Amino acid sequence: MQNEKRFGMKTLVMACAASVAAFGVVGGTIAWLISQDKVTNTFTYGDINVTLEETDTGIDNDGDAGTNEYEMVPGNSIDKDPTITVEADSEDCWLFAKLEKSANFDTFMTYEIADGWAPLDGVADVYYRIAKNSDADQKFAVLKDNVVTVKGAEVTKEMLNALDADGAKDYPTLTVYAYGVQYDLDIDAIDTAAEAWALTQE
């Protein structure tokens, strides 16, 4: 029940462990102060792991939530819950959601993006946010209220029937993609959302 896309970028992180032990013994007028200071630097690498999941509707009976089917009724909202997870201990990242619509999608359907996402300037249907490092999985809904809505009066029975005329099955489709790119403003190549997004397209 999982449609998953992973995008990982290796990073360099520095973990510093410092310990200071200080103790003294005072007796009469004589005192000894012994101190020890040690800093250990360990260099390793970080990672970004992003998954994309959606509830299986079961309508197509294929057991694959990545190929869901939905029944359109004019004016009705349809539950659709694509959710991007940034897995625990991933590095800070630019998180992107790309929504790819069929040519006829806007004729029949509409949706809004969930709160917290910003549109990427100059790139249609791509949204981003910053996900900071966490020791727990972080889940981000893509669609507001986890629904898409079939348009009302402007969608007629004739229009719906025409989608399957002569077995064409020209149904509207909406595909969601998820990407994660290292977030580090000290690295010029990825210090803006646009630059980070460009890396996903190489």
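Q: How do β6 and β12 pair?
A: In this predicted model, β6 and β12 pair in the antiparallel sense, over nine bridges. Two strands count as paired if DSSP finds at least two bridges between them. Strands here are DSSP runs (E, at least two residues) and helices are runs too (H or I, at least four), numbered from the N terminus.

Q: Which residue in β12 is the bridge partner of Glu 100?
A: Thr 175.

Q: And what joins β6 to β9?
A: Six bridges, with the strands running antiparallel. Leu 95 has Arg 129 as its bridge partner in β9.

Q: What holds strands of a sheet together in general?
A: Strands pair through backbone hydrogen bonds, either parallel or antiparallel.

Q: What is the average pLDDT?
A: The protein averages 78, and 73% of the residues score at least 70. pLDDT is the predictor's confidence in each residue, from 0 to 100.

Q: Where is confidence lowest, and where highest?
A: Lowest in strand β1 (residues 11–27), with a mean of 29. Highest in strand β8 (residues 118–119), at 98.

Q: Which stretches stay under 50?
A: Residues 1–31 do, and the model has 83 contacts for them beyond four places in sequence. Residues 33–40 do too, with 19 such contacts. Contact means heavy atoms within 4.5 Å.

Q: How should I read coordinates where pLDDT is low?
A: Not in detail.

Q: Which strands does β5 pair with?
A: β3 (residues 50–53) is joined to β5 by four bridges, antiparallel. Strand β10 (residues 138–141) also pairs with β5 over four bridges, again antiparallel. Leu 52 has Ile 84 as its partner in β5. Val 86 has Gln 138 as its partner in β10.

Q: Which residues have the most contacts inside the largest nonpolar core?
A: Ile 84, Leu 99, Tyr 111 and Trp 117, in a core of 29 residues. A nonpolar core is a set of buried Ala, Val, Leu, Ile, Met, Phe, Trp, Tyr and Cys residues joined through side-chain atoms within 4.5 Å.

Q: Which element gives the most to this core?
A: β6, with four residues.

Q: What does Trp 117 touch?
A: Its contacts include Ile 84, Leu 95, Phe 96, Tyr 128 and Phe 140, not counting residues up to four places away in sequence.

Q: On to charges. How many salt bridges are there?
A: Seven. A salt bridge is a side-chain nitrogen of Lys or Arg within 4 Å of a carboxyl oxygen of Asp or Glu.

Q: What does Asp 92 form a salt bridge with?
A: Lys 132, with the closest N and O atoms 3.2 Å apart. The pair links distant parts of the chain, 40 residues apart. Lys 132 is partly exposed, at a relative accessible area of 44%.

Q: And Lys 144, what is its partner?
A: Glu 112, at 3.9 Å between the closest N and O atoms. Lys 144 lies in the loop between β10 and β11 and Glu 112 in the loop between β7 and β8, so the pair ties together parts that are 32 residues apart in sequence.

Q: Last one. In what order do the strands of the three-stranded open sheet come?
A: β4-β11-β7, with antiparallel pairing. β4 and β7 stand at the edges with a single partner strand each, so one side of each is left without a neighbour in the sheet. Three bridges join β4 to β11, and Asp 79 stands opposite Val 147 in β11.

Methods: Residues numbered from 1 in each chain as written. Predicted model: local features only at pLDDT ≥ 70, side-chain atom pairs only at ≥ 80, totals over all residues. Heavy atoms only, no water. Buried < 20%, exposed > 50% of the residue type's maximum accessible area, 1.4 Å probe, protein only.
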